[in-house]
Structures are given as structure tokens and as C-alpha cells.
Amino acid sequence: MRGTHSKQALAHKKEFCPPDMIRVHLLYSPENRDLADRLTADLGRAGLTFEHYTLLSDDKPGHLAARIAVIEGPVLWLLTDNFLKDPLCMAGIWRAYQALLGRGHLLTVVAPGRQPQADGSYRPVPTSFERAGEVIKYMNYWQEIFLKSTDRLRTAPLELREVYDREVEAYRLIANDVSELLSALRESGYVRWEALQADHYKLFFQRFGLVDRYPAYREIASLDVEAPPIPAAQTPPAGPFIPPPVLSGPLIPQPVEASGEKMAQEPVTESSPASLKPEAEAEASEVRIRQAIRDAWTWIEKGYPQRGLDMLRQLTEQHPQHAIAMAEYHRARAHFTEAEPLPERPVPEIASPQAQQEQKTEVPPPPEQELSAPSNGFAPTEADAYNAMGDNAAAKGDYLLAKYCWNRVAELDPAYPRVFRKLADLAIAHLEKENSDEVLSYIEEALAAEPNDAELHYRYALVLRDQMGQPERAYQLLDTVVALQPDWAEAWLTLAEVTHQSGNLQQAQELYQHACLLDPKLKSKERDAHFALPTEKISASSPSPTLSLQSAEEVAFSQPAQVLTVLITGATSGIGKATAEVFARHGHRLLLVGRRAERLADIRARFAQQYPHATVFELPLDIRDADAVMAHLTNLPEEWTEIDVLINNAGLAKGLAPIHEGNLEHWDAMIDTNIKGLLYVTRAVVPGMVQRRRGHIINVSSSAGKEVYPNGNVYCATKFAVEALTRGMRLDLHAYGIRVSQVSPGHTEDTEFALVRFDGDAERARIYEDFQPLKAADVAEAIYFIATRPPHVNVQDIWLYSTQQASAMLIDRSGRK
């Protein structure tokens, strides 16, 4: 029988204590009654009496914690290995500990546990959690029990599912709380049983403010006077105690507040933890989840499996980290998705735990089964559990524990997503004193899973250089880094440093200068001196700086961090022309493509006057001519061959007619320009970007590439094609460090779009007079924003409308605001 105290005996102890005696509340596991008896006998000599708090014969999980949490007087907690592994002792103890700690009347004594042997003797079991590995031992213990109970829940018959559900929930809470509890104990402090005995309980008297009683106690103890007899009601009666197996049958957690019966010492009051609602929102969520699971299975059992499955699926989407919900969905799918519709039948009655006990029917647990690989990716595995434990430990700063948990994940499932990346990041950032070979092994495994991750290569190189003293291998990795991410200035600088370390000063200078070109902030006098760059001396004959009147553009101009070579198609009007102006204003080099040579010449002349810091190369060209495009763009002057940004802007709309009335020439013009012309230019320019492993393509699409409107059939189709090409290019080119983006504007004025669409009919082209559309300059600024993001940022798309346009067809035409 578990716990030989009776409620009557416990109640009697309150009446027995004389008024002049101080009562100490003693909390312990029934297996450690011998220690409790010894404490009671020894300290009773000082006029103290002990009120024992241990498990009663009919306790459910949480009952012991509820009784202890409401105590106002001094509490001595005998914490042993037996206590830490007993579900009835551990259920709710974390909250009770917090409550007691807050009142300041708690002394935790960590004592050895004991384990019964076949011959009737006991073997001592150490209780220790000072080191992370010792904490992990208890975490593993409860995690394994939780996983096994989850496995049983999956295969439990329907009439027992609620019982097993409660079992899983109890184990889950203990598994979550044990790490918190042990961490708090390490921070708040405790005393070892051996230390308590060594100083003759002095720490006990100091802790509870009973120092005035200590001399009398020592005097009696020194005389070796036998302790006065202990009344039978004061301590548990003698007799062998048989501890129950933890996993023998379902554990039936019954919340204290759900029971109408009173606890042994204290009635459940509104101020006790049993009736309060700590973390009410989280607990309410758990209740709702469990009720939703029951409702789903009710529908399945009533012959509506699809409705039940849908409920479970929605539940897992709302709570993807809830292990029970995921397991239930997986089990339901495995049993019912491919089965014939279930015949309608009544839901079986589920007996209450009390009724089960009255009938004395013990339900044996289902046979142990290995967790099968989840077909839907939802069912929790042991690796999932350890991964979650590692994430939780890392978030709390317990990095050794996180490392252990993620190592377990790697052992259980070497292909677990990003586990070696986590270990590598953890080891580099927080475990610098760890074995470097171990760090390298983590990084190598992570690189095997993510071979194109430039950051991992870079970290690997730093470990080789700084911790392993292998600059040659570091150089090889850094060379890979800049190939994968050519715009990473810091990587180029590190490569320059490693090169300088190897003795190749000239190459190191070139690499350093390239890093400064990518990021001028890296340049400094100290680094210039380190790389032995010649300093620029100011000649004595050089004129002193003088102020002069300048244009507003010149005053506002500031040299960009990197001067880009930008090719813009359709640059003679509209968005292309406005985009060219924005880049020229910021001092970039422009290669302008358009069919109208005279307009290109005018733009070049105006830019030379207004933006003297910009350089313009004009290229009269019809992009619909594939041969001409290839001939011109593959034979550019040497200084214009390295194109950094390609802006595929050229495009047009022709006609506005239903599909059965469409003009074939209009269709050809739109397809040849909007799709084929874009492809011709891209095909000619991108090979150079791939070779240099850097570059940026920005396609000018349209809101018509996202939503079709009446009579816009073919034009919309060409812009949908641009959208698809942008995504396809992104997939094809990201491995070469090339960024691919697009901008998708709605109605835009300051362009020739409407005039071209209506074949020069100015009257029909007056479509913007009754609302304010975007301006070409608005779109140009968006393009410039995309092109000037840091090298690690790829803006996929900017979709913009004017304020008065909400969609292709929904426009506020009440006049310009």
C-alpha cells in the first residue's frame, strides 16, 4: 500500500503538538521514511515537532504539492533521488517550490535516495544535480517516460484514451518542470544531508531563526541522551514499504480542484494553489486542445471520419508544437484516411478513474512499440523532443545542456534539419574553450547539409585560422566564401589578412583594396599601414581648398559606397528614363539602351551637364532583334563589359480588345518586346555575371502580371510570363551570388504607355485625368532602392499602386486629390 499514513493520523498530529513546541513541516518521499524518522528523533530533543507531508494512499498527482504549497510555517524538504523520480511526488512540485521559496521559510536538504534489493536490503542512490550532465540524467528520465506514454496513447483503445491522455499530460508537465526546478535549486541554494549531519544541524537552527535553541540541543545531544519516544501519530508506522513501478499501468492525474474531497491537513481554500488558476491562459488553452481532440474522435466514432480529421488537422496547424495533438492527428490519419467510412455506432461510455478503482480493474499498458516514421511529418519523435529541449536550454543560456540535447538529436537522426548548424553556432559563439576538433566536426557536418552556405564556410575558415593555426586551409575556404557571396566585403578583408599572413603582400593589397571598394568603411589608416599601402602626399604647390558656388545637385551629391555599372533597356522614355536619372544623380555608370538614337544623345548631353559625376554610354538598339542584341552586348568596350545591374525595363502594351477580336500584330509586338526581348538581353548579359559570381537583374513587370483585367488578355499574359521568368531566374542564379528582383507598378503617368497602347490616339490615351496615378519617378525610386540594398539582401518584388488605385479594376476616379 502506497504511503502508510492515514488522514486520521495526520490530522491527529496537529492536536498532539503541545502549544510550546515549534512545528516544522517535513516533506519527503515515502521511500525515505528512515531519514524523516531520524530527523524527527534527533531534532525533537530541541522541543521541535515535525508534521509529516508525504504521499497518502489515495493521492493523485498534484495532491501532495497542493498540500505543501499552502503552508505558512517552516518547511524542511528532504529531496532525494526517490522524490525526483516519483510522479506523485513531482507532479506540481515546481509551483509549490516557488510558493514556498517566496515565503522564505524553506530549507532544502539534498539526501541520498535508496533502492530496494532482492534480499530486502537497500542500496544507496546518490542525489546530485550540480553539473549539467546530472541535470540531464533526470531530464532524460522524464522525457523517456513521456515519450513512452505518448506511444501508448497512440494505440490505446478508445474507451481508455481519456485515461492515457491524462497520463501523458502529467508526464509532460513533469518533464517540462524538472529542468526549471533543478536550475532554481542550484541558484537558490540547498544543504547536503552530510553537511547537515556534520555540523550537528546547526544550519537547520540558523535557517529557521532558532539559534537560541541550539545550545540546549547540543547539550542534550552531547550527553547522548536518548530521544524521547515518538507518539505513533507523529511519524509513519514501521514496516516494509514497497515502492510502485513508475510505468506499471496508466497514471491517472486528477486535478485537486476537480475533486470535492478535502485534503488531509488543509482544506482547499480560495487562497491555495489547488483552487487558484496560475497561468490561467496557458491552462485554459490546454483544456481547449484536449476537448477539441475528444470532439474530433467523437465525430470519427459517429461515422464522420473526415470531419474529425479536419478538426485534428486544424488543431495541429494552430498548435504545431503540441505533441499530443500531432500524435492524435497522425494516429487518426493512419487508421481512417484510407479506410472505408466507419459505420455509425454509439460512443462507448468511459468510466471515471474513481469507478475504475472501485471495480478494481487494472488496465495493463499496451506493449512497447517503436515510434514509426511519421508519414505526415507531424508525429513527435524522440529527436523532436531532444531538439525542443535543446532550444529551450539555449534560450535560457544553459549551453552545455543545449549541446548535449542537440548531440542526442544528431545521434538519433543524423539528417535532422539544421541540427549540426545549431551545434556549430553554439560551439563557436558560446563554447570557445571546447575542443576545436569537435567544433570543426560540427561545421563539416553542417556544410555537408548546406554546401552553399557562405557564412558556414566563413566560420569554418575563422576556426582554422584562429584556433587551429591552419591559414592555408583557411585561405581555401575563404576563396570559396567570396565565390559564393562576392559582395561580402568582410570576407574579402579576411582573405586579404590571411594572404598577407602567408607573405604575398601584393595580392593582399589588391584584396584589401577590393574589400574597401565594396565597403569604404573598412578603410582606415591602421589597415593601410598594415597592408603597406602608399600614402597620398599633398604637394606644396597644391592649391588650398576654396569655397565656390555650386549647383544644388553638386552640393547634395555624395559618392556612393560602390559605383555601379547599370544597363537599362527602354531608357528613352517613361520609367526607363526616370530610372536612368536616379542612378545618374547618384553618380553611377549608365549603359542606356533604346531604339531612338537622338533621344539617347539628348539624355547623355543633359546628364553630362546636370550630373557630372555620372558616366553615360548610349547604345541604340532594338531588343527584339536577337542578333543585334548579341552582337552589341558581347562587343562592348572593355570598360563597359562588367555590368553590375541589368534593368529589363523595355515593354509595351498594344491594343485593348477581347481575345476573339485581337490584332495579331499587336500580339507579336507585345510578345517580342515584353518576353523575347527581355530574354535576349538577359542571355547576352548574365553569362558575365555568372563568371564574376556577382550581379543583379531587375525586371520591370506590372500589376497586370498579378491580376488579369478584361481585354488585357495578351498583355497580362506577357507580364505573367515576366513574373514567372523572374522567379525562374532567381532559382537558377542564386547559387552564383546573382540577385534577381522585379518591380510591379500599377497605372503610371509620365510614360508613353497609354499613347502606344492606343496607337497614338491622344484622346483615348487620356486615362489618368480623373485620378492621380503613380509617377515614373516613383517607380524609379523603387528600382533604385532594390539595387542598392546590402549584398546579402534580395528584394524579390515590389508591387505598388497609387493611393487611388486599389486593384486593376478598382480605381477612385473622383478626381485628383
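Trainee: How do you know which values to trust, and how are residues counted?
Mentor: This is a predicted model, where local features need pLDDT of at least 70, side-chain atom pairs count only at pLDDT 80 or more, and totals for chains, interfaces and linings use all residues. Residues are numbered from 1 along each chain as its sequence is written, and side-chain values use heavy atoms, with hydrogens and water left out.

Trainee: What makes a stretch count as a helix or a strand in this chain?
Mentor: Helices are DSSP runs of H or I with at least four residues, strands are runs of E with at least two, and both are numbered from the N terminus. The chain has 32 helices and 16 strands.

Trainee: Why is His200 called partly exposed?
Mentor: Buried means under 20% relative accessible area, exposed over 50%, and partly exposed in between, with a 1.4 Å probe and protein chains only. His200 has 38%, so it is partly exposed. His200 sits in the loop between α9 (193-198) and α10 (202-207). Its phi is near 55°, a positive value in a residue other than glycine.

Trainee: Which class does Arg693 fall into, buried, exposed or partly exposed?
Mentor: Its relative accessibility is 24%, so Arg693 counts as partly exposed. Arg693 lies in the loop between α29 (664-692) and β12 (695-700). Phi of Arg693 is also positive, near 60°.

Trainee: How much of the whole chain counts as buried?
Mentor: Of its 817 residues, 47%.

Trainee: Why is strand β3 called largely enclosed?
Mentor: 5 of the 5 residues of β3 (residues 75-79) are buried, so the rest of the structure largely encloses it. Val75, Trp77 and Leu79 point one way, Leu76 and Leu78 the other way.

Trainee: What makes β3 and β4 a pair?
Mentor: Two strands pair if DSSP finds at least two bridges between them. β3 and β4 (residues 106-110) have 5 bridges, in the parallel sense. Leu78 stands opposite Val109 in β4. β1 (residues 22-27) is joined to β3 by 3 bridges, also parallel. There, Leu27 has Trp77 as its bridge partner.

Trainee: What makes β10 and β16 edge strands?
Mentor: The open sheet has 7 strands in the order β10-β9-β8-β11-β12-β13-β16, with parallel pairing. β10 (615-620) and β16 (797-800) each pair on one side only. Inside the sheet, 4 bridges join β11 (residues 645-648) to β12, which run parallel. Leu646 stands opposite Ile697 in β12.

Trainee: How do you know that α30 packs on the sheet?
Mentor: Contact means heavy atoms within 4.5 Å. Helix α30 (residues 713-733) touches β12, β13 (738-745) and β16. Its direction makes about 160° with that of β13. Axes are lines fitted to C-alpha atoms, for helices over the stretch in contact, and angles run from 0 to 180 degrees between N-to-C directions.

Trainee: How do you know that the span of α22 is close to the expected one?
Mentor: The expected span is 1.5 Å times one less than the number of residues. Helix α22 (residues 489-501) has 13 residues and reaches 19 Å from its first C-alpha to its last, close to the 18 Å expected.

Trainee: What covers the buried residues of α22?
Mentor: The cover includes α20 (454-466), α21 (471-484), α23 (505-518) and α24 (525-530). Among the buried residues are Trp492, Leu493 and Val498. Just after α22, Gly503 takes a positive phi of about 100°.
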